[in-house]
Amino acid sequence: MNISATILLAFGMSMDAFAASMGKGATLHKPKFSEALRTGLIFGAIETLTPLIGWALGMLASQFVLEWNHWIAFILLAFLGGRMVIEGCRGNSDEDDAPVHRHGFWLLVTTAIATSLDAMAVGVGLAFLQVNIIATALAIGCATLIMSTLGMMVGRFIGPLLGKRAEILGGIVLIGIGGQILWSHFAG
């Protein structure tokens with residue numbers, strides 16, 4: 001794989017994380033750049049690891065991974081998205097709750113894992129090609145770091161416009177990403 005193909009793959013793999021982090025940024029009260037960078041680092045680190053895991057699994061049991069990864073991603077994203085929708089529907093007004101300035105570490109890790117399962121599937125496919133898996137995984141992780149950080153900052157500006165609906169919209173985005181993963185598996 002040449003450098004331009006690697007870059008296109010890396011940014012293509014980061015689009016789910018961008019959408020999810022934009023929703024996460026919209027649900028926070030004026031997230032700082034440090035929180036956006038923290039989210040980007042978590043998403044980027046996990047997105048770096050999953051193609052490596054997929055590559056290793058591809059060497060061992062590619063059929064099982066390819067058979068189930070879309071269901072795992074869908075269930076995780078639907079669960080997280082549903083939780084966000086429910087939280088967004090609770091309460092009568094935006095003033096009822098104290099503003100949230102930071103997402104929990106494990107919530108971000110779970111979201112990052114759910115959005116990076118497609119990178120694991122790509123890693124499985126890369127196991128059958130002559131590629132430098134370390135360089136490719138690092139490119140995917142770096143692109144995800146950039147796109148997730150950017151997504152959080154975009155979400156910062158969208159959040160105040162949407163208020164409590166931002167959490168509902170973020171949940172719908174996560175459910176939509178899960179549905180798209182499921183749809184692309186069965187349609188493709």
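I began with Trp 71 and Phe 74, which both lie in helix 3 (residues 33-89), three residues apart, or about one turn of the helix; helices here are DSSP runs of H or I with at least four residues, and strands are runs of E with at least two, numbered from the N terminus. The model is predicted, with local features needing pLDDT of at least 70 and side-chain atom pairs counting only at pLDDT 80 or more, while totals for chains, interfaces and linings use all residues. Residues are numbered from 1 along each chain as its sequence is written, and side-chain values use heavy atoms, with hydrogens and water left out.

**Aromatic pairs**

I searched the whole structure for aromatic pairs and found three. For the rings of Trp 71 and Phe 74, I noted centres 6.5 Å apart and planes at 85 degrees, so this pair is edge-to-face. The rule takes rings of Phe, Tyr and Trp (its six-membered ring) as paired if their centres lie within 6.5 Å, with planes under 30 degrees apart counted as stacked, over 60 as edge-to-face and the rest as tilted.

I then looked up how covered these residues are, where buried means under 20% relative accessible area, exposed over 50% and partly exposed in between (1.4 Å probe, protein chains only). Trp 71 counts as partly exposed at 32% relative accessibility, and Phe 74 also counts as partly exposed, at 25%.

Phe 186 is exposed, with a relative accessible area of 55%. I therefore recorded Trp 71, Phe 74 and Phe 186 as a cluster, because ring pairs link them.

**Lys 24**

I found Lys 24 in helix 2 (residues 15-27), and at 2% relative accessibility Lys 24 counts as buried. Leaving aside neighbours within four places in sequence, I listed Met 84, His 103, Leu 107, Leu 108, Thr 111 and Met 152 as the residues in contact with Lys 24, contact meaning heavy atoms within 4.5 Å.

**Ile 3**

Last, I checked Ile 3, which lies in helix 1 and is exposed, with a relative accessible area of 66%.
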